[in-house]
Amino acid sequence: MTTDKPAILFVCLGNICRSPLAEAAFRLEAERAGLDVEVDSAGTGAWHAGEPPDRRAQAVARRNGVDISGYRARQVEPADFARFSHIVALDGDNLAVLQRLRPRDGAALSLLLDHVAGRMGEAVADPYYGAEAGFDTTWTDVTMGARDLVRALMR
Ligand code: 4NP
């Protein structure tokens with residue numbers, strides 16, 4: 001990155017559950033903190049490209065005051081490693097894919113929960129095949145990660 005403004009890309013598998021929620025929670029926390037930042041999300045897979053977030057993800061975001069119905073899924077692309085200063089994976093599988101794709105000098109990679117004290121190396125569990133309540137756990141996890149990531153970027 002040539003500018004000082006941070007640019008963060010959140011990445012999960014489908015870009016319809018966890019990473020759109022991470023993007024939404026991060027937007028909320030950045031706005032609260034007055035942090036000027038570019039934010040987006042993407043998936044390592046392309047199966048859901050062009051689709052809005054899963055309706056259960058839209059619902060949990062709505063319950064927490066955010067409308068994500070306008071988000072559209074997309075796959076990570078090579079240009080993302082130059083466009084973003086930080087690419088933040090939701091789980092270890094996502095991180096491994098990103099590590100293989102990353103060019104030298106590309107965006108810094110991390111796991112979202114690496115930014116939360118005591119949760120280094122932990123995954124944000126995939127709620128896609130589980131019960132609706134799993135999405136509340138996802139929201140709690142991405143909010144903790146977003147809050148601590150915003151704090152780190154403000155320093
Ligand atoms: P996400 O959840 O990676 O959090 O968006 C998933 C969405 C779709 C699939 C898997 C996980 N899928 O296999 O279609």
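Helices α1 and α5 cross in a right-handed sense, meaning that the near helix is turned clockwise from the far one by less than a right angle. Both belong to a predicted model, in which local features need pLDDT of at least 70, side-chain atom pairs count only at pLDDT 80 or more, and totals for chains, interfaces and linings use all residues. Numbering starts from 1 along each chain as its sequence is written, and side-chain values use heavy atoms, with hydrogens and water left out.

Helix α1 (residues 18-33) packs on α5 at about 45°, the axes lying 8 Å apart; axes are lines fitted to C-alpha atoms over the stretch in contact, with angles from 0 to 180 degrees between N-to-C directions. Contacts (heavy atoms within 4.5 Å) involve, among others, Leu-21, Phe-26 and Leu-28 of α1 and Trp-139, Val-142 and Leu-153 of α5. By class, this contact has 16 nonpolar, two polar and three charged residues.

Turning to α2 (residues 55-63), its axis comes within 10 Å of that of α5 (residues 134-154), and the two cross at roughly 55°. These helices are therefore oblique as well, and α2 passes α5 in a right-handed crossing. Here Arg-56, Ala-57, Val-60, Ala-61 and Arg-63 of α2 meet Phe-135, Asp-136 and Trp-139 of α5, giving five nonpolar, no polar and three charged residues.

Finally, the largest pocket has a volume of about 160 Å³. Its lining includes Cys-12, Cys-17, Arg-18, Trp-47, His-48, Asp-126 and Tyr-129, and the lining residues divide into seven nonpolar, three polar and two charged.

Key
Helix = DSSP H or I, 4+ residues; strand = E, 2+ residues; numbered from the N terminus. Parallel < 35°, antiparallel > 145°, perpendicular 65-115°, else oblique. Nonpolar A, V, L, I, M, F, W, Y, C, P; charged D, E, K, R; others polar. 1 Å grid on protein atoms, 1.4 Å probe; cavity = no way out; pocket = protein on both sides within 12 Å on 5 of 7 lines; lining within 4 Å. Points joined across faces, edges and corners; volume = space filled by probe spheres on them.
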